[in-house]
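Biologist: I would like to learn how to read a protein model. Could you take me through a few features, one at a time?

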Amino acid sequence: MRYLFTLLLLLKLSLGLGQSSLAREHLRVLTSDSLAGRGFTSNGQQKAADFIVEELKSCNVKAGVEDAFRQELSYPVNTFPGTVQYSVVSSTTVKIYAIGKDFLFHSASAPMELEGEIKAISTEAEIDRKVKNQIFYIEKNVDNAKEVTELTQRFLFKNSAKGNLLIIQDSSKWSWFPSSESSENAVLYVKDKLPKHSKVSVINESKFISNFRSSNVVGKIKGQRSDSVMMLSAHYDHLGEQGNAVFKGANDNASGVVMLLALAKYFAENQPKFDTYFLFTTAEEIGLLGSYYFIENSPFDLRKINMLINLDMVGTGDEGIMVVNAKKQNQYFNLLKQLNKDRIFEIKARGEACNSDHCLFDRVGVPAVFIYTLGGKQAYHDIYDNGEELSLEAFDDLHDLLIESLEKY
């Protein structure tokens, strides 16, 4: 823990910084190698939760769940803590490729170590259950994308054959998502096309964990009134690691976390009108499990919530912001437009979308919106969302706009 408190001390010495400047310091911690992408290896999520709790305490934000900051939950997940390697072997050379850039395993892939010649496969192929240790290959394009996706699902989850590898050559942009399942086969995505009869070598030391444990972090600031609640949320988890590739998740969603920390600091120094809760959820990336757990185990009656504002991917903004559920929550959306006064380039409205933690709250009747920024660096669920070139263009203005809207709504 020494590294964590050293970083915290350095942050406290950063006097006179603006919101976006301090946010960058927080981003540096949350995207550091030691937090391992805030995922399922190297204790990354626990370290991130520790950091958030310490920051809340330093701002005099109180624990939000029965005198505790954490709500612990568990769930299954397939992880990649060990060696992950892909190479093409010829009679004279071995070409080793870079994970995340040149190749990537499907998140449900089984552990395996294979070397052999590739065999072309069609999208309609059915593999005999006796087949084992074979390496199949197919090229994905715009014309067969749907069929290749269906083949992938069959190969991983409906195939009785075990211990086989499917290599999919796919030159399109990749987005990686964690899996709560583990197959007995593996799927590998590669950028480069492979000639017929190519010989490849793969190592994947994945590990399935049936009860991975992590926690929501909940803070509370007592308002002038307790008959209603305002709530802000952001998920702090990300994808973590696959082998030596770290998916740091700077925009998704370290940016939302640092915005929540900035808002918590402000309201700790300026008492809000209503009791205000700050919910930092875990397990958003694997299926909104953290927000589901909070709803099922809320420390207060959810009917008291006037508005929940979920912040996810707020690290850009040169093209404005998007408000999901704006049509359903038009009173709050119109207030944002009214208060903006041309500070943020544009405030756009979007309908309902179950694409972040606001969704489950909305489904149980809680007034909820989801805000994300537009423009800037386009990196999502890949190794390039690492904080470099993340503009924070609208950060200060969005911070101030959210404060004003919460004070007036």
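Modeller: We will go through a helix, some backbone angles, some salt bridges and a charged patch. Please keep in mind that this is a predicted model.

Biologist: Let's start with a helix. How many residues does helix H3 have, and how far does helix H3 reach?

Modeller: Helix H3 covers residues 44–58, which makes 15 residues. From its first C-alpha to its last, helix H3 reaches 21 Å, close to the 21 Å expected at 1.5 Å a residue.

Biologist: Is H3 mostly covered or mostly exposed?

Modeller: A residue is called buried when its relative accessible area is under 20%. In H3, 11 of the 15 residues are buried, so by this cut-off the helix is mostly covered. Among the buried residues are Ala48, Phe51, Ile52 and Leu56, and the list also includes Lys47, Asp50 and Glu55.

Biologist: Now the backbone. What should I expect of phi and of peptide bonds?

Modeller: Most residues other than glycine have a negative phi, and most peptide bonds are trans. That makes the other cases worth a look.

Biologist: What is the phi of Ser42, and where does Ser42 lie?

Modeller: Ser42 has a positive phi, near 55 degrees. You will find Ser42 in the loop between helix H2 (19–30) and H3, and it is partly exposed, with a relative accessible area of 43%.

Biologist: Which two residues does a cis peptide bond join?

Modeller: Asp252 and Asn253 are joined that way, with omega about 0 degrees. Asn253 is in helix H5 (residues 250–269).

Biologist: On to charges. What is the idea behind a salt bridge?

Modeller: Side chains of opposite charge can pair when their charged atoms come close. This structure holds 15 salt bridges.

Biologist: How do I read a salt bridge inside a helix?

Modeller: An α-helix has 3.6 residues a turn, so residues three or four places apart point the same way. Take Arg28 and Glu25: both lie in helix H2, 3 residues apart, about one turn of the helix. Their closest N and O atoms are 3.3 Å apart. Arg28 is partly exposed at 40%, and Glu25 is partly exposed at 23%. In helix H5, Lys265 and Glu269 are 4 residues apart, again about one turn, and their side chains meet in a salt bridge at 3.2 Å, N to O. Lys265 is partly exposed at 35%, whereas Glu269 counts as exposed at 55%.

Biologist: How far apart in sequence are the parts tied together by Lys199 and Glu115?

Modeller: Lys199 forms a salt bridge with Glu115, with the closest N and O atoms 3.4 Å apart. Lys199 belongs to strand S10 (residues 199–204) and Glu115 to strand S6, so the pair ties together parts that are 84 residues apart in sequence. Lys199 is partly exposed at 37%, and so is Glu115 at 49%.

Biologist: Lastly, which residues form a negative surface patch?

Modeller: The patch consists of Glu124, Asp143, Glu147 and Glu150. One of them, Glu150, is found in helix H4 (residues 145–158) and is partly exposed, with a relative accessible area of 39%.

Terms used. Residues numbered from 1 in each chain as written. Predicted model: local features only at pLDDT ≥ 70, side-chain atom pairs only at ≥ 80, totals over all residues. Heavy atoms only, no water. Patch = residues over 30% accessible without salt bridge, like charges linked within 9 Å, V, L, I, M, F, W, Y side chains within 5 Å. Areas by Shrake-Rupley, 256 points an atom, 1.4 Å probe, with all protein chains shown as cover. Salt bridge = Lys/Arg side-chain N within 4 Å of Asp/Glu carboxyl O. Lys, Arg positive; Asp, Glu negative; His and termini not counted. Charge placed at Lys NZ, Arg CZ, Asp CG, Glu CD. Helix = DSSP H or I, 4+ residues; strand = E, 2+ residues; numbered from the N terminus. Buried < 20%, exposed > 50% of the residue type's maximum accessible area, 1.4 Å probe, protein only. Expected span 1.5 Å × (residues − 1).
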